[in-house]
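I opened this model to look up a few residues and their surroundings. My entries follow the order in which I looked.

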Amino acid sequence: MSDLSLPEIVGFVVPGLFICGLALWTVGMIRVFRQRRILRYTDRFRAEELTGRVRQLKIRGDEEQAVRLTQVELGMSVNLARSWVRSI
């Protein structure tokens, strides 16, 4: 069947798992950095929920509504809210 021995297989699997773990960590850090602006205004769970709602509004093309939602939910200024919505 195959001429691969156990040490050779482990030699492929361990770096592969490391790379996958590094990729997951990177994705998590990107999420945190995108939410860092609003973490001053609210807790993490509410920030994640608000980020999801803003993304949905942006996908639908309602960026101004997303800005208003951010202002109402967090009490941000117009310019700061608009800047944060664009960064998502």
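I located T70 in helix α3, residues 63–74 (helices are DSSP runs of H or I, at least four residues, numbered from the N terminus). The model is predicted, and local features need pLDDT of at least 70, side-chain atom pairs pLDDT 80 or more, while totals for chains, interfaces and linings use all residues. Numbering starts from 1 along each chain as its sequence is written, and side-chain values use heavy atoms, with hydrogens and water left out.

I checked the accessibility of T70: its relative accessible area is 0%, so T70 is buried (buried is under 20%, exposed over 50%, partly exposed in between; 1.4 Å probe, protein chains only). I found a polar atom of the T70 side chain 2.9 Å from the backbone oxygen of A66. Leaving out residues up to four places away in sequence, I listed V54, G75, M76, A81, W84 and V85 as touching T70 (contact means heavy atoms within 4.5 Å).

I then turned to the largest nonpolar core, which has 14 residues (buried Ala, Val, Leu, Ile, Met, Phe, Trp, Tyr and Cys joined through side-chain atoms within 4.5 Å). I noted I38, L50, V54, W84 and V85 as touching the most other members. Helices α2 (44–60), α3 and α4 (78–87) each give two or more residues to this core. For L50, again without residues up to four places away in sequence, I recorded contacts with I38, L69, E73 and L74.

Last, I looked up L17, which lies in helix α1, residues 6–35. L17 counts as exposed because its relative accessibility is 59%.

Methods:
A polar contact is a pair of N or O atoms within 3.5 Å; within protein, one must be able to donate a hydrogen and the other to accept it, and residues adjacent in sequence count only if both atoms are side-chain atoms.
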